[in-house]
Amino acid sequence: MPQQPRKTTSGRAPPKRILDLTSDADFSVCSWLVTIIAFIFAFLTLPISIWLCIKVVQEYERAVIFRLGRVKRGGARGPGLFFIIPCIDSFKKIDLRVVSFEVPPQELLSKDSVTVAVDAVVYFRISNATISVINVEDASRSTKLLAQTTLRNILGTKTLAEMLSDREAISLQMQSTLDETTEPWGVKVERVEVKDVRLPHQASEHSSDLLTLLKLQTDMQASRLHTQS
Ligand SMILES: *[C@@H]1O[C@H](CO)[C@@H](O)[C@H](O)[C@H]1NC(C)=O
């Protein structure tokens, strides 16, 4: 089958790395032959090979099957029993349960130039086993790293007062931003909780001084207004 000449993309847009399960053209005669031989071999050694053919995954797991390196059509198998052909099939089990992890305290500069340490908890799960196997090497690790940078990016645009009062909004914003980015990895970010907003150690020692200074400043401003009027 002649291949369509591929358009050369000169733009900056990265190529879309989404799985294409429809291209079956290069499942060639050779692959068929190997498959049939494997079938016959499994059939001839039936009483023994049956134990290699039957696989089971738990209620919360799915199995992505590769036949001669290609993802088998029909999506991930499970829960329960499924069959593979020994020698030519391999599979990968994927856990679909919600995973939670703590984002380690991130020291960052708020919009009003106060250094704060913020930590958060992220809850996510694999929503599509097939694309989480194909599009990303380690979905869990990638999500963790992304959560750290997203936390920094979003909180960097907030003032300290906003961080302390708008926790709910910040959590929601982080959740939707993360979820958008992790979608091509088959990962669904369910929830993000900003746990704690703290002034870091040295800063908190001086924070009472800082507060006194702030109070003094507002008092001065008030008295200035008073004298002006
Ligand atoms: C997972 O993604 C693939 C590719 O986009 C799609 O064909 C398949 O239906 C999806 N599976 C589920 C369970 O959503």
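Predicted model: local features only at pLDDT ≥ 70, side-chain atom pairs only at ≥ 80, totals over all residues.
Together with Trp32, Ile36, Phe39 and Ile40, Leu44 makes up a nonpolar surface patch of about 580 Å².

Helix α4 is formed by the 17 residues 139–155, and the distance from its first C-alpha to its last is 24 Å, close to the 24 Å expected at 1.5 Å a residue. The buried residues of α4 are Ala139, Thr143, Leu146, Ala147, Thr150, Leu151, Ile154 and Leu155. They lie on the same side of α4, because the arc they cover around the axis is only 145°. Arg141 and Asn153, on the other side of α4, are exposed. The cover over the buried residues of α4 includes the strands β6 (99–109), β7 (115–126) and β8 (187–198), as well as the helices α5 (160–165) and α6 (167–182).

Within α6, Ile170, Ser171, Met174, Gln175, Leu178, Asp179 and Thr182 are buried. These residues cover an arc of only 155° around the axis, so they fall on the same side of α6. Leu172 and Glu180 are exposed and sit on the face of α6 turned away from its buried side. Elements covering the buried residues of α6 include β7, β8, α5 and α4.

Notes: Residues numbered from 1 in each chain as written. Heavy atoms only, no water. Patch = residues over 30% accessible without salt bridge, like charges linked within 9 Å, V, L, I, M, F, W, Y side chains within 5 Å. Areas by Shrake-Rupley, 256 points an atom, 1.4 Å probe, with all protein chains shown as cover. Salt bridge = Lys/Arg side-chain N within 4 Å of Asp/Glu carboxyl O. Helix = DSSP H or I, 4+ residues; strand = E, 2+ residues; numbered from the N terminus. Expected span 1.5 Å × (residues − 1). Buried < 20%, exposed > 50% of the residue type's maximum accessible area, 1.4 Å probe, protein only. Arc of directions from axis to C-beta. Contact = heavy atoms within 4.5 Å.
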